[in-house]
Every structure is written in C-alpha cells, then in structure tokens.
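Please keep the model open while reading.

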Amino acid sequence: MAASGALPVVDLAPFFTDGDEGGASRARATEAVRQACRTHGFFRVVNHGVPAHLMARALELSSAFFALPDDDKARARAPEGSEAPLPAGYARQPAHSADKNEYLLVFGPKLGFNVYPAEPSGFREAVEECYTKLTELGLLVQEVLNECMDLPPGFLTDYNSDRSFDFLAALRYFPATEEEDNGISAHEDGNCITFVIQDGVGGLEVLNDDGDWVPAEPVEGSIIVNLGDVIQVLSNNKLKSATHRVVRKPVHRHSFVFFFNIHGAKWIEPLPEFTAKIGEAARYRGFVYNEYMQLRMRNKTHPPARPEDVVHITHYAI
C-alpha cells in the first residue's frame, strides 16, 4: 500500500539567475538537493528550464503515437546491425514479462541511431527538443551533484563527458486488470541521473526507509529526478539510489524518462573523497559499467529462478 507523503521539491530558478542574490539562492537549492539525495534519492524540480508547453506537447504526441495500430508502430523499429547501445525505436515488453508497457527508445539526435514513426506529425521535433532540454538539465544537475559531493570543481563534468550513452524513452503503460497492476517492477536505476516527465494519471511510487511506497504524484510542469546506482557507488553509499516502481491505473499512463548515463567502458568504484581521504572503507568493489548493465538486462530477459540471484548493486558490495 502506498504511504502518504511527498517528495522533496527543489526550485532550480537560482541556477538561471546571475548576481550575488542568485549565489545565495543557489547555495540553498544545492543544500536542498544534497538532503534529498541523502534521504530520498528522489526529488521534484520546478523552474528547471524545460518549457511546460513542450512537455505537454510531447506527451500529447506520444499518446497519439501509441494509439496507432500495432503494425504502424512496428514500422518504427531499428534495422538489424545497429550499433546503438540498445535497440532504438519501438518495442514492447515480452508477453512473459511482469512489466506491462510499450516504449519508443531515442538516442542523441546526432548519433544516427533513431527510427521515428511517420505519424503523428511533429512527434520527432518535439521528442528531439525534449532530448536537448533534458540533456541541458542533466548537465546542470550533474554540476549541482558535484558540489553536493564536495568534489573538485568540474570533476563530474570531466569524469562523465561522453553523452553517447544517454537515451530517452517514451512509454505507455497498459490499463490495470482485476488480476494484476504491475507496470514496472520494483528496481533501482543503474545510470547516473534519471528525469521523469509524466501525465496526470500517476502510478510512480518510491520506497522509503520505513518500507512504505510514497507516490510521486503528477504535478503539472514539474520533473521528477532520481539518482542511479553510479552515483550511489561513487559516493560510497552517501547518496541514495532509491527503489521505485510503477503501478498501473485503470487507464493508459504516458511518460518520458531520460537516462543521463555514463560511457559503457567507464570503470566505476567509490571515489577517494568518500573512502581513503576520510578513512572509510569502500562499500563496493569496482566494475566496468557496461558489464554491470548487461547483467541487469539479462535479469529482465532471462529472470533467475531465485530472487537472491537477481543482479543488483549490492552484488558489487565488498
């Protein structure tokens, strides 16, 4: 059962303001992000630089795309032999999957991986504009996290400078039935930072420390932000990658999820600032990011028979 409560809200307006007053406000906003990342791993941002009318338009066009016949949607599939990190274009979860949704996967517009539907008109333009704006937001939030983690200026920008592994997913969740309502099973994101734009249906829930599910209620114009496993490992568990899920409602739910990622060849391990420099032991052993993500993906395509065999970041704990 979902618990009452609300996610922390962070106003990012100060980061778009110059002057001393903006500096003081930025410090307060940074502290709000720091606390949210330590306690929740999730927060809501407002005044984030992504136009509300763009988000609404993208959701409207996404809804129109997913309402098309299956044969029409299937034409927006990547050709064989694509070099994209994941198959771009349209897909739906396998029938045997516990997750009940369909999606369109989009990479950086300049990479040449994307496959767009012919209809509805304007869908590609709206999606690519959203992609650009969410990339900008990712770079901003990464800078804020750099300060939250007391890292040298520009450290995360240099450490995570390759944007070729970022991707955006437009999703539609099918209506719940009397038998089951799972949209996406409880999980933690494996990336760096995730942004969620959602319609008014609701269903996204976050697990808190008391074991209760807190709804990430839709609020028009806002964006939900959550940390992924990479940040949790780099911070040696000081910042939180929270468990979350989507519970389906009696009607279709539409959302966009942007995964601000890291290059697959990157070596991930707790940073010295959170271990040797403060006299604490590393909680995780190092790993190559792409290998970790491949194991996570295998969990979804070939679910293990025993729950304890599911690959999770704790498998990399020391």
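The points below go from the chain as a whole to one helix and then to one residue.

1. The model is predicted, so that local features need pLDDT of at least 70 and side-chain atom pairs count only at pLDDT 80 or more, while totals for chains, interfaces and linings use all residues. Residues are numbered from 1 along each chain as its sequence is written, and side-chain values use heavy atoms, with hydrogens and water left out.

2. The protein chain has seven helices and 14 strands, where helices (H or I, at least four residues) and strands (E, at least two) are DSSP runs numbered from the N terminus. Along its principal axes the C-alpha trace spans about 60 × 50 × 45 Å.

3. Of the 318 residues of the protein chain, 49% count as buried, a term that means under 20% relative accessible area with a 1.4 Å probe, protein chains only.

4. Helix 2, which covers residues 52-66, reaches 21 Å from its first C-alpha to its last, close to the 21 Å expected at 1.5 Å a residue, the expected span being 1.5 Å times one less than the number of residues. Among the buried residues of helix 2 are L54, M55, L61 and F65.

5. L168 lies in strand 5, residues 167-173, and counts as buried because its relative accessibility is 1%. Leaving aside residues up to four places away in sequence, L168 touches residues including L104, V127, Y131 and F256, contact meaning heavy atoms within 4.5 Å. L168 and E128, 40 residues apart in sequence, are 9.4 Å apart in space, C-alpha to C-alpha.

Conventions
Buried < 20%, exposed > 50% of the residue type's maximum accessible area, 1.4 Å probe, protein only.
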